[in-house]
Amino acid sequence: MRGFSVLLQKEFREAWRGWKFLWIPLVFALLGMNDPLTNYYMMDILKAVGNVPEGFEMLIPELMPVDLLQASIGQFQTIGLLIMMATFVGSISKERASGMATLFYIRPISFSAYFLSKFIVMSTVSFISILAGFTASVYYTSILYGTLDIGSLLASFFTYYIWLLFVIAVALMMSASFKTVIATTCAFTLIFLGQIVDMIVGIFWTVSPWKLASYGTLLIRGTMDMSDYWWSLSTTAICTIICISIGIVMMKRNASMVKI
Amino acid sequence: MMEELAKVPWAVIAPLIVVQLILMIVALVDLRKIHATNGPKILWVFIIIFANLIGSIAYFIVGRRQS
Amino acid sequence: MTTLLQVTGLTKQFAEHRVVDDVSFLLEEKTSTALIGPNGAGKTTTLSMLTGLLKPTLGSVKMRAGDLRANIGFLPQYPQFHPWLSAVEFTEMAARLNGVAAKQAKMEAQKTLEFVGLGNAEHKKIATFSGGMKQRLGIAQAIVHKPKLLLLDEPVSALDPVGRREVLDLLKGLQQETTILYSTHILNDAEEMTDQLLFLQNGRLVEQGTLREVRQRFDEQNYVIEFDTEEEAKLFASSSDRVKGCYVFVALINEEPTMKELLQRLSECPYTIRKVERQTASLEEIFMKVAKKA
């Protein structure tokens, strides 16, 4: 792990000076606000638009606070992941293609250290991001709908974070293995297609990393089968570790792809 | 006037405005300092101000040029 | 003199194409070696293999005393930096990644930046740097950890004449302490600071030796005598001499004839002689000859 602290500092500086610690969390906060707000003001919005016939009463189902959190997580899962992966997926491949990596690769550094320093900084950015997102969502839910149990809320938060770590590991592994364009395609396909597949035919299995996001809200609802939960959680953790290991090996193997 | 202001549900609106404003200001500050952008700088000023939320986010994703 | 680096049979093959083909040479400690050759000769590929960035298809690179990677400094032809770092941050990071202790690294970085002439720009972001400044920073990051071997890929080719002069002087200052291997296609630069020459062409090492040795091998030494007219030149020339315009070239073979003998011959000559000189080819001319031979 030679050079770990120096590389960590470098990655941290990069994220900090690129405002990543600020703008990505803010975007997540906005995504978190979106659903509680629009649902609450739905009738007003429809009226303001003016297409509601006289005496029309739309049957809006009674929403529980957890429904809104689930909706917010749905936002994180689409737009949130899109933005996060788009910012992270070039991390290794772009450095290689631009030649910025050259002056690092020639030194006696450890590729594990380089890869992990990127992983850690990204994990920190995403931790702050979903913290902001969850806070915003829960804040609006609690003033507009009602409060959530803090214990299960935390459990749901960390469950979602484990899933995000997996997403980051996938993005970085792809970035280490391929050029940016291919890496982006592969990472997006794996994460989003996985979600779609899991949505369509996911009833046939109960253990998969792609299920973690919804399992988080099931924890709050109290309808989670705990054995499925733990299995999925550990599967995700193992997949994350595998992705990191492959990523490190590929980063080292592809070091010669660097532009000189 | 004051009554009307008091009627506004500030607890609901304030955070939203604050977040939007921070994002916009940060984008503008960074745009001022940054060396080169993808596309003309002045264009990004307009995008950030007029397409405020989407504009600022777009700036951070595709506007900043690092090399 | 002790050998620092031993390169044996270095070969790199990309698909069908041999970019570097069986290159072997030695680098002696604290000498400068110029790797010269036309564009596409395989200079950059050779250097990349020496840095360890590129794995050779065949052959080996051995450094006496220690790990190669820990003991080199490398300046790519177009060094790329993270633009959001300042010069001193980058140089300090470079030092620390090469194992210089944290406390020392900052001092070394500042000293090195001072040395390359970036002392007053050390806190500026690299994004604002000009090409010449980036080249200096590139040298700074290559020497900050005091490597045993300094590899430079076209260190001055991209610079304007003033910048080139300054960087060359900088490198000359380093000659006493480090072994330097640099590639260039500009021969005047090579002529200026070099103990050994390596001519690379189409991936093969077609000629090597000290500047003197290569000179002796390729320089057909001549005396040049300038006359007023072509007629006179032709009349003066013996069968073994060469005439070109109003110049006569008298070939020197094993230092024969000596200048004295030549002057004796000239003294008997009835025509006006404008100029007599012993001609040594410039590196440029030698280079052309080497290229033709290969």
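Colleague: What makes up the positive and negative sets of side chains in chain A, and how far apart do their centres lie?

Modeller: Lys and Arg count as positive and Asp and Glu as negative, while His and the chain ends are not counted. Each charge is placed at NZ of Lys, CZ of Arg, CG of Asp or CD of Glu. On that basis chain A has 16 positive and 13 negative side chains, with the centres of the two sets 27 Å apart. For chain C, the mean positions of its 36 positive and 38 negative charges are 7 Å apart.

Before you go on: this is a predicted model, where local features need pLDDT of at least 70 and side-chain atom pairs count only at pLDDT 80 or more, while totals for chains, interfaces and linings use all residues. Residues are numbered from 1 along each chain as its sequence is written, chains are lettered from A and ligands numbered from 1 in the order in which they are written, and side-chain values use heavy atoms, leaving out hydrogens and water.

Colleague: Good to know. How many helices and strands are there in chain A?

Modeller: Chain A has 11 helices and 0 strands. These are DSSP runs numbered from the N terminus: helices are H or I with at least four residues, strands are E with at least two.

Colleague: How do you know what span to expect for helix H11 of chain A?

Modeller: The expected span is 1.5 Å times one less than the number of residues. For the 28 residues of H11(A) (residues 226-253) that should give 40 Å, and the end C-alpha atoms are 40 Å apart, so the two agree. The buried residues of this helix, among them Tyr229(A), Leu233(A) and Met251(A), pack against helices H6 (102-105), H7 (111-144), H8 (150-177) and H10 (212-221) of chain A.

Colleague: And in chain C, which residues of helix H10 are buried, and what covers them?

Modeller: In H10(C) (residues 283-293) they are Leu283(C), Ile286(C), Phe287(C) and Val290(C). Seen down the helix axis, they fall within an arc of 100°, so they line one face; the arc is that of the directions from the axis to the C-beta atoms. Their cover includes helix H6 (187-192), strand E8 (196-201), strand E9 (204-209) and helix H7 (211-218) of chain C.

Colleague: What makes Lys146(C) and Asn202(C) count as buried or exposed?

Modeller: Lys146(C) has a relative accessible area of 58%, so Lys146(C) is exposed. Asn202(C), at 62%, counts as exposed too. Lys146(C) has a positive phi of about 50° although it is not a glycine, and lies in the loop between helix H4 (131-143) and strand E6 (149-153). For Asn202(C), in the loop between E8 and E9 of chain C, phi is near 50°.

Technical notes:
Buried < 20%, exposed > 50% of the residue type's maximum accessible area, 1.4 Å probe, protein only. Contact = heavy atoms within 4.5 Å.
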